[in-house]
Structure formats: structure tokens, C-alpha cells
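Please open the model in a viewer and keep the selection tool at hand.

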Amino acid sequence: MLHAPRDYSRLRQIDYLETPPSYAAFLEHYLEPNLPALIGPALTESWPARQQWVCPDTGKPSFATLREHLCHTPVQVPVADCQTRDYTDQKRSVMDLKEFLDEWEARSSADQPSRTYLKDFHFVKTFPDYNAYQTPEIFCDDWMNEFWTRREDMDDDYRFVYCGGDGTFTPFHADVYRSYSWSANICGIKKWTLFPPDQEHLFQDNLHNTVYDINNVDRAQFPNFEKSRSFTLYQNPGQTLFVPSGWWHQVENIGDTISINHNWCNGSNLDLLLDSLVSDLKEVERELAHLKDMMDEHEWIETCQKVLLSNSGWDWSTLWNMCSVVRERVKRQMEQGDHHIRTDASTENQKPKETPIFPPPMISQQPPLELTLRRVDAVLNFIRQDPSAAWFLAHSKGISVE
Ligand SMILES: O=C(O)CCC(=O)C(=O)O
Ligand SMILES: [Fe+2]
């Protein structure tokens, strides 16, 4: 694979970058080695969200402005009950945004901790004309949002807002597909505990159950957890954290907190995404092993891919299609430069579409195009050479594996 092995053992602290780094520096020191960085508030200073959603005097959410800007029509939002566990996650439901804000404000005024956490709220998709923030240049090489916002069969994205009062939290996890995330704090403080990759064996039991809350670990069930290595940091208002691929983490809100978070991936963590898909598939095959003898070979492949898609949100065709879309775009950039990027983005933006597109990165916001092409081709070739994956793709609608 086209990536040097990553070594986390010499990492002693998480860098704080007062001034936002150039794209080239961010690529070299954080994206490629897969290391976290906390970036100072200059990165988000000009965002309307920072100016409009926070009371300048108190630093608390401006509940009246949020209601005025976001609640003219009823909006249903996803929420989690932080006090009720549901397997590896919290109990999820939906509620009306105005009702959520009213309840949050009442608790905040009474200095009471909250248990309802608005999370994974597709903000840009819900408010396409709001322009509450601009994706910083260092995070523009984002294939997940580029791909999902253009898919004709699925108007989706990974651009979220999180809102929660004091005491709300996100349990211990690694992100979807082992993607990166970035998280910008609009107000409040987030306490992050981050665990470098490759320590899963220390926080899993024999049955592959994983620790849920790092503050309440059953030492009998997870005797090795205390051997794990982690970094704790406090993210203040305006600061942005880059969370690398495959780093497990838990996040706890201190005070009333609003953040903007994207999940994303690109050529620098593509190998980790592929590893993650392969290991998710192995897990599915283990779970379904008792059915294998009852099926023919092709039925088995299809069943495993179906379960993989429903458990993990992707299958071979998802990874194949994302890489193919990026490959086409990179080849166009090699031939035509950036010109078409701006034109494509502006014409597509004029189409009435539920999810506004995420524009592809300019040449200056990504690694050398030849390197990206080699990395994408390595993954496409890996898939072509895997007999089950190749058979599955050859029988998937609209895919040509040539
Ligand atoms: O802010 C939170 O509660 C969770 C954020 C998170 O897990 C992430 O950005 O990856
Ligand atoms: Fe996360």
C-alpha cells in the first residue's frame, strides 16, 4: 500500500497551533502521519455561526437568535438521551428543534445538567441557504462529502451540528469507516480523551464488546483497559480539533456547547478506510459463519455485503464508487487544471437539490494529483483482485470493473 507505516509511540503531546497552518504543513505534519492537532480560534473567527449563535457578554448560546434563525418552520432533529445506553450507543430519537432549544434554555437558566444531546444533525442539508460557516481550506480535500452530496440515489452528507448542555457526552468510539473528523467549537468547552490506534485489544473483551464510558469501566470485564495510552485535552470556544483516523475517543461537554463537525476522508487515510472495510467484512463473515453451508458461493457473498451495508453503512460498491468519482475528477484536474471545478460547482449549485454539493478541492488544497491517482488505483486494483469483491461489483447495478 502507498503509505509509510505510522508510528504513534513517540507522540508525547497534542500540538496546539495558535495560527492556522498552511495546507502543505497540515498535510505533512497531521494528515499523512495521522496525528491530532488543536487549532486556535482564528480559523473560525469570521464564521456567522460564531457571531450569531453566541451571546457576546456571557459566551452562552444565544437561544433567542437560534430560535429566530432556525425555527420559523418546524424542524425535526436527532437527539440522544445521554443517560440511557443502547448497546454501543445512547438511546436515539427525534424531537422538534424549538422544543429542544426551549428545554435546553430552561435547564441552562436553572443551572441544571442536561441529558438530551442534539447530535448528528445534518445542518447544511437542513438549512442549505444559511451559510453558517465555511469549510476551512485544510479540510477541503474531503471525498466523503464530495461523493455523497453528488450521488443521485442518495442525497446525504457528513456535515453535522452538535448542541448539548453541561454533562452531555458522546460515549467511547472510533468514527464511521475510520474516517477523520474535524470539530469546531462555537461555544462551551469539550473535554476530549483520545486514544492512538491499534489499542483495540486493550479495550475489548473476549466477545468483542468495547468499553462504553471510559469514566465507568468494569475492571473485571476489561482488565487491560488501564494499560491503554490516551491524551486528554480541553477544546475552548472557537478552537477546532482535527481527529485523525481510527483514534478512539470520548467527548464530554462542559457548559452549554455547540459545535460543527464533519466526517471526511481522502488519499492520506484511504488505506485505513480499506483496512476498516476489510475488518468489518471479516466480522460479518464471523457472525454469519453458521449460515455459510446453507448457501451457494454467490448467495454468501451477497448476504455478507448486505449485512455489511446495514451494519457499517457501506459495502464494496460504496468504496469502489467513491474512488471512481474521485479518480475521474482528479484526471480532469490533471488535464484542465482547476477551471472546471469552479464552473461545475456553481452550475450544480443552481439546480434545486435538497443537499447542496460539497465542492471538490482546488489543486492547492490537496496532495500532488499523481500521488492521489496512484493511491486510488491501488484501492481499485485491490478490489479488482479480490475474487468475491470483483464478483459482487460485476453484478452490481451500473458498475463496470474494467
Ligand atoms: O462532540 C461530540 O460529542 C462528538 C464528536 C465526535 O465524536 C467527533 O467529532 O468525532
Ligand atoms: Fe467521533
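A nonpolar core is a set of buried Ala, Val, Leu, Ile, Met, Phe, Trp, Tyr and Cys residues joined through side-chain atoms within 4.5 Å. The model shown here is a predicted one.

**The largest core.** Begin by selecting Trp-53, Leu-97, Phe-123, Phe-139, Ile-258 and Ile-260, the residues with the most contacts inside the largest nonpolar core, which has 59 residues. Next, select strand E8, residues 180-195; this strand gives the most to the core, with seven residues. In soluble globular proteins, nonpolar side chains tend to be buried together.

**Around Phe-139.** Which residues does Phe-139 touch, leaving aside those up to four places away in sequence? Select Phe-26, Ile-39, Leu-43, Trp-182, Thr-240, Phe-242, Trp-264 and Phe-358 to display them.

Now select residues 124-281, which an unreviewed UniProt entry annotates as "domain: JmjC". Over this stretch the chain is 13% helix and 34% strand, and the end C-alpha atoms lie 31 Å apart.

**Two packed helices.** Finally, select helix H11 (residues 369-385) and helix H12 (residues 387-394), whose axes are 5 Å apart and form an angle of about 95 degrees. H11 is therefore roughly perpendicular to H12. At their contact, Ile-383, Arg-384 and Gln-385 of H11 meet Pro-387, Ala-389, Ala-390 and Leu-393 of H12. By class, this contact has five nonpolar residues, one polar and one charged.

Methods
Residues numbered from 1 in each chain as written. Chains lettered and ligands numbered in written order. Predicted model: local features only at pLDDT ≥ 70, side-chain atom pairs only at ≥ 80, totals over all residues. Heavy atoms only, no water. Buried < 20%, exposed > 50% of the residue type's maximum accessible area, 1.4 Å probe, protein only. Helix = DSSP H or I, 4+ residues; strand = E, 2+ residues; numbered from the N terminus. Contact = heavy atoms within 4.5 Å. UniProt positions renumbered as here; feature names shortened; annotations may be inferred. Axes fitted to C-alpha atoms, helices over the stretch in contact; angles between N-to-C directions. Parallel < 35°, antiparallel > 145°, perpendicular 65-115°, else oblique. Nonpolar A, V, L, I, M, F, W, Y, C, P; charged D, E, K, R; others polar.
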